[in-house]
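Me: I'd like to go through a structure that is new to me. Could you take it slowly?

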Amino acid sequence: MPRYHNVNGVHVQFTAEEETARDAEEAQSDIDKAAERTAQARKATLDAKLADDSITFDELKELMRF
């Protein structure tokens, strides 16, 4: 399905280069979102370990970097 953008009030279809660039942006966005979810999960794990006093010194340092 082709994409369009608005140029001076005119609906213009993306060029092949614009489609490729947009696909790359979307792929990078997906990668960034996955990395953020992984980081949030790790932080939640470390927070839980801190709460039950089972955290190691290295994990505590990692938690402080968040």
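Me: What share of the contacts in the protein chain between residues at least 6 apart in sequence join residues at least 24 apart?
Reply: Among those contacts, 6% join residues at least 24 apart, where contact means heavy atoms within 4.5 Å. Please keep in mind that this is a predicted model, in which local features need pLDDT of at least 70, side-chain atom pairs count only at pLDDT 80 or more, and totals for chains, interfaces and linings use all residues. Residues are numbered from 1 along each chain as its sequence is written, and side-chain values use heavy atoms, with hydrogens and water left out.

Me: Ok, and what is the radius of gyration of the protein chain?
Reply: The protein chain has 21 Å, whereas a compact globule of 66 residues would have a value near 11 Å; the radius is taken over C-alpha atoms, and the globule rule is 2.2 Å times the number of residues to the power 0.38. Along its principal axes the C-alpha trace spans about 60 × 20 × 20 Å.

Me: Switching topic, which order do the elements run in?
Reply: From the N terminus on, the order is β-β-α-α, with helices (H or I, at least four residues) and strands (E, at least two) being DSSP runs numbered from the N terminus.

Me: Is Glu 19 buried or exposed?
Reply: Glu 19, which is found in helix H1 (residues 16-51), counts as buried because its relative accessible area is 17%, and buried means under 20%, exposed over 50%, partly exposed in between (1.4 Å probe, protein chains only). Of the 66 residues of the protein chain, 9% count as buried.

Me: And what does Glu 19 contact, leaving aside neighbours within four places in sequence?
Reply: Glu 19 is then in contact with Pro 2, Arg 3 and Phe 14.
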